[in-house]
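Biologist: I have a structure open and would like to go through it with you. Could we start with the strands and then move to the helices and aromatic rings?

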Amino acid sequence: MRSLSIVIPALNEAENLPTVMATVPYRDLAEAGWEVEVIVVDNASTDDTADVARSLGARVVSQPLRGYGNAYQAGFDAAQGDVIATGDADCTYPFDALPHLLHIMDARRVEFMTTNRLGVENRSAMKPSHTVANHALSALSRALFRNGLRDSQSGMWVFQRHVWAAIDVRSPGMAFSQEIKNAATRAGFRCLEVPIEYRVRGGQVKLNALPDGVANLRQLFEHKVRDNRFRTTPSRMVPLAEMARANVAAERAAEAAERAVAAVEQLSEKTAAVFERETSGADAYEAEPADVPELSDGSGLRKAYGTSAIFEASAPFDPEKPATDLLHDEIDEITESFDLDASVADSTAPGVSRSAKPSVSSAESFGETTIASLPGQRTADEVPLEMA
């Protein structure tokens, strides 16, 4: 089962949290094979945000240093999931859409997914002045970073953990939202932007339109300057995305090796028990149950000899099958699982192809989803779906 961390920054959102938490589709996610944790980052709230979050089953992370970006950095550092999803605590983002978004993420083999709130169907949920400002900032962001994203300010993203470990995002405030998108696309990760429903905000508005807008403009140009300098250094010859995928593959190989060592030790114990029982003669058949040793997996050897099973096996008990044959069957099963682990560990990362794939135009859409432009492309209009 894969794990998902839902990170929600919250500043005085005690009133909205019950509604927000009620939209998290725990059952649908579990049926789809996801183990879910919800992390609410209490960003120095002066109300009962933390207590309400705990009462609703969320794990609370405290971030006394206020700021949207500060809250997310604390939440991401605490997250334990293989995949991280985000959204605000003000009832605006559709957490109930997560099963669908995760399905798209898997189907398109995406590493970083962001969302677009600026469709005409959502106009009533946002003030006209905010809509205009979002379009303007998004257009400037597209011009500077050439990533094709239509909504640079959206606060709902779904991404694999290794993306966060590989990018450098510094904004302490609202500009964090645009910076994480630009950093992920420029680093070479497979990115996707999808439209979502955007809902009317509940409670008090926290956005300071003019100061936040000016801060976002300043951050865009600072990030662009930093990005240009970084991309001209020799260390940038290997894309960050490729290094992150290699690290994931190495971690999986190490985990597979640890499982192999544990399984070999367990098989050695079982093998020794088999031969001890079969060479001890009929006396072993008369052994009392108290003499049956306990294996490392918690199962016990059966009191048997010859044609009877002498240890618990996953296969149904067959009284006509010698104990050594049962042992050999278990060895074969574990060997097959090692072969599978080795094939997974040998790949660079889930969904990463070793061969070059056709690229598509950044304007090409898949239903209602659009692939965002990625760095390292040969022309400004081509978007590689998968890295070679």
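Biologist: How many bridges join β1 to strand β4, residues 83–86?
Modeller: There are 4 bridges between β1 and β4, and the two strands run parallel. Strands are DSSP runs of E with at least two residues, helices are runs of H or I with at least four, and both are numbered from the N terminus. Two strands pair if DSSP finds at least two bridges between them. This is a predicted model, in which local features need pLDDT of at least 70 and side-chain atom pairs count only at pLDDT 80 or more, while totals for chains, interfaces and linings use all residues. Residues are numbered from 1 along each chain as its sequence is written, and side-chain values use heavy atoms, with hydrogens and water left out.

Biologist: Which residue in β4 stands opposite Ile6?
Modeller: Ala85 stands opposite Ile6.

Biologist: And how many bridges does β1 form with strand β2?
Modeller: β1 pairs with β2 (residues 34–42) over 9 bridges, in the parallel sense. Within that pairing, Glu35 of β2 is the bridge partner of Ser3.

Biologist: Now the helices. At what angle do α4 and α8 pack?
Modeller: Helix α4 (residues 68–78) and helix α8 (residues 176–187) pack at about 55°, with axes 9 Å apart. Axes are lines fitted to C-alpha atoms, for helices over the stretch in contact, and angles run from 0 to 180 degrees between N-to-C directions. The two helices are therefore oblique to each other; angles under 35 degrees count as roughly parallel, over 145 as roughly antiparallel, 65 to 115 as roughly perpendicular and the rest as oblique.

Biologist: Which residues meet there?
Modeller: Tyr68, Gly69, Tyr72, Gln73 and Phe76 in α4 meet Phe176, Ser177 and Ile180 in α8, where contact means heavy atoms within 4.5 Å.

Biologist: Let us turn to the rings. How many aromatic pairs are there in the whole structure?
Modeller: The search finds 11. Rings of Phe, Tyr and Trp (its six-membered ring) pair if their centres lie within 6.5 Å; planes under 30 degrees apart count as stacked, over 60 as edge-to-face and the rest as tilted. Phe76 and Phe176 form a tilted pair, 6.2 Å centre to centre with 45° between the planes.

Biologist: Are those two buried or exposed?
Modeller: Both Phe76 and Phe176 are buried.

Technical notes
Buried < 20%, exposed > 50% of the residue type's maximum accessible area, 1.4 Å probe, protein only.
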